[in-house]
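Please look over the sequence and the model shown here before reading on.

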Amino acid sequence: MEPGLFFFWLFSAVVVVGAVGVVVMRQPIHSALFLLLSFLGVACLYVQARAELVAAVQVLVYAGGVMVLFLYTIMLVNVKRQRTERYLHRQAVPALGFGFLFLLVVGGVVVNEARALAGKAPAADPAALATTVIGSETVLGNTQAVGWVLYRDYLLPFEIASLFLLVAMIGAVVLGKRTMERFD
Amino acid sequence: MITLAHFVGLSFVVFTIGVVGVLVRRNLLTVLMSIELILNAVNINLVAFSRQLGDLTGQVFSVFVIIVAAGEAAIGLAIVLSLYRLKSSVNLEDAAEMRG
């Protein structure tokens, strides 16, 4: 097996094991650690798909920021008492059945379509993802290329995203304030 | 050779695990983590198609998805915290006031 494919399967296994662990583990803290494993595996896959900037953002934002948020929340809510409770929802069995059916039917169709699409044309030249022409000079690097597309073609969505983050931050602060305690 | 189908298949598996996690678990924190899994699956797809087509738009959009996921996690966890203060519980079935 060629090394690229070997590492793809390795990282895929890490991602899937992490994802299954999130759903299966009883304690939220264990779920969170499996989620971290899954995030890191996905970051490795991004590197393989020539998306180095997205991989770095994945590690910084997901494995760094979002993970810390989850861990703080787990610390703040009392998890100990859930040890003896059942942890599955009443609808667990039909949901599992639905999941299997969904995976087989829709997944089969989607993967077949993707295979047909990939058979029609090979993957594009990876250099296209790491070069950008600014003015008259060619600049190398995935980060530069993504940054150029982001600030040239998607400037308005980018600004809206910053506004969204501000709104989310204010909302989180307001919701987290202790004065919400006696709301009813 | 790694093809588009590999990435799409993996993304679909992760997506399904996330959906099953949302439906199966009672703990609100684990449900939020499963939603993060779903968003990750979408990101894998975006990056895979960007690789296939040699077009950077997919990577830009996956950055936007990560931004939205971060905001969603912040708000969601704040809601979990205020729910915990109200009910002393983070179980979904305990928050059923609006059931008819």
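How many residues has helix 4 of chain A, and what does it reach from its first C-alpha to its last? Helix 4 of chain A has 29 residues and reaches 40 Å, close to the 42 Å expected at 1.5 Å a residue, where the expected span is 1.5 Å times one less than the number of residues. This helix bends by about 35° at Gly107(A), the bend being the angle between axes fitted to the seven residues ending there and the seven starting there.

This is a predicted model, in which local features need pLDDT of at least 70, side-chain atom pairs count only at pLDDT 80 or more, and totals for chains, interfaces and linings use all residues. Residues are numbered from 1 along each chain as its sequence is written, while chains are lettered from A and ligands numbered from 1 in the order in which they are written.

Chain A has six helices and two strands, which are DSSP runs numbered from the N terminus (helices H or I, at least four residues; strands E, at least two), and along the sequence they follow the pattern α-α-α-α-β-β-α-α. The C-alpha trace of chain A spans about 65 × 40 × 25 Å along its principal axes.

The contact (C-beta atoms, placed from the backbone, within 7 Å) is made up as follows.

| Chain | Residues in the contact |
|---|---|
| Chain A | 75 residues |
| Chain B | 65 residues |

Helix 4 (92-120) of chain A is among the helices that each supply at least two residues of the side of chain A that touches chain B, including also helix 1 (3-24) and helix 6 (155-176).

Note on methods
Contact = placed C-beta atoms within 7 Å.
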